Amino acid sequence: VKVGQKGGETTKRVRRVVEAGSMETGETASLSKAVIRSRLNALKLAFSEFYLSLVLLQQFQVLNREGFRKILKKHDKEWRTDEGLKFYRTVVLESYFVTSDEVDNLISQVEKTMIDDLEDGNRRRAMNRLRVPPLESDQVSHSSTFLLGLNIGMSTILIISAVLVGTFLTHFRSPVTCKTDLNYTFNSSFRNETDDECLSGDWVRISAVRMFRVSLFLAVMIFLIGVNTLGWRARGVNHVLIFEVNPRDHLTAYQLMGIGSCMFVV
């Protein structure tokens with residue numbers, strides 16, 4: 001696609017390219033606007049993914065340089081010498097992975113092509129599609145925080161209610177009711193020998209745990225993942241890069257904890 005085309009020129013050129021490819025593959029040469037639009041969106045997505053790969057490569061380049069600098073600085077501090085600094089200036093800073101600007105040039109070319117050719121000169125729309133937000137720029141959503149607090153409050157009330165019911169309410173069950181209960185009658189694992197053991201309500205608590213342990217485990221696991229993510233962010237750990245999470249579209253720590261607490265309430 002030639003750089004500098006404006007208006008509908010990009011769409012027309014893409015249409016000609018798509019139709020030419022369709023004729024080579026035996027498809028019909030007459031394509032609707034919906035097909036052109038879908039393939040144009042696929043091309044934009046491909047540029048966006050390529051841009052993301054370039055940004056990750058650029059970050060890897062910077063991390064390697066900073067890693068060498070910190071290691072050699074630690075070396076000079078421990079051995080009380082300046083050999084590490086000399087090595088950093090003469091070898092590391094002169095190496096190809098530091099001096100090369102090919103990645104920067106590719107990033108600039110992708111941005112220019114996306115702006116001028118694929119978005120018809122709309123820089124804001126193009127950069128919104130390409131931009132990879134850094135980890136530190138994650139903004140805490142007020143709605144996520146509110147829902148998290150609401151779900152935690154309801155979960156606390158439910159836990160207290162369950163503890164009170166399991167502790168006191170089962171003591172008021174009569175021996176006849178307890179012994180005629182289906183779980184008590186047909187499940188030998190919950191059957192007790194005496195009325196006192198039946199009145200203790202142990203079989204009720206065991207039944208509740210066995211019924212809801214899978215969903216409870218899943219809710220607690222998701223909530224703790226959110227807690228871990230919050231701790232990683234506080235310590236500066238780039239979990240997005242480590243676990244290869246999509247930097248543009250991923251759940252924040254508060255959203256993860258909100259999902260876990262909501263599942264617990266449900």
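1. Let's start with Lys44, which is buried at a relative accessible area of 9%. For orientation, buried means under 20% relative accessible area, exposed means over 50%, and partly exposed is in between (1.4 Å probe, protein chains only). Keep in mind that this is a predicted model, where local features need pLDDT of at least 70, side-chain atom pairs count only at pLDDT 80 or more, and totals for chains, interfaces and linings use all residues. Residues are numbered from 1 along each chain as its sequence is written, and side-chain values use heavy atoms, with hydrogens and water left out.

2. What does Lys44 pair with? Its salt-bridge partner is Glu119, with the closest N and O atoms 3.5 Å apart. Here a salt bridge is a side-chain nitrogen of Lys or Arg within 4 Å of a carboxyl oxygen of Asp or Glu. The pair links distant parts of the chain, 75 residues apart: Lys44 sits in helix H2 (residues 33–79), and Glu119 in the loop between helix H5 (102–118) and helix H6 (123–130). Helices are DSSP runs (H or I, at least four residues), strands are runs of E (at least two), and both are numbered from the N terminus. Glu119 is buried too, with a relative accessible area of 1%.

3. Glu119 also meets Arg129 in a salt bridge, at 3.4 Å from N to O. Since Glu119 lies in the loop between H5 and H6 and Arg129 in helix H6, the pair ties together parts that are 10 residues apart in sequence. Arg129 counts as partly exposed, at 32% relative accessibility.

4. Another of them joins Arg69 and Glu66, whose closest N and O atoms are 2.9 Å apart. Both residues lie in helix H2, 3 residues apart, about one turn of the helix. Arg69 is partly exposed at 31% relative accessibility, and Glu66 is partly exposed at 26%.

5. On to the rings: the structure holds 2 aromatic pairs. The rule takes rings of Phe, Tyr and Trp (its six-membered ring) with centres within 6.5 Å; planes under 30 degrees apart count as stacked, over 60 as edge-to-face and the rest as tilted. Phe68 and Phe97 have ring centres 6.1 Å apart and planes at 40°, so the pair is tilted. Phe68 is in helix H2 and Phe97 in helix H4 (residues 96–99), so parts 29 residues apart in sequence are tied together.

6. The other pair is Trp232 with Phe243, also tilted because the planes are at 35°, with the centres 5.5 Å apart. Trp232 lies in helix H11 and Phe243 in the loop between helix H12 (239–242) and H13.

7. Finally, have a look at the surface, where Phe217, Leu218, Met221, Ile225, Leu251, Ile259 and Met263 form a nonpolar patch with about 590 Å² of accessible area together. Helix H11 (202–234) and helix H13 (253–265) each supply at least two of the patch residues, and the largest share, 4 residues, comes from H11. Ile259 is in helix H13 and counts as partly exposed at 35% relative accessibility. Patches are made of residues with over 30% relative accessible area and no salt bridge, joining like charges within 9 Å and nonpolar side chains (Val, Leu, Ile, Met, Phe, Trp, Tyr) within 5 Å. Accessible areas come from the Shrake-Rupley method with a 1.4 Å probe; for residues, only the protein chains shown count as cover.
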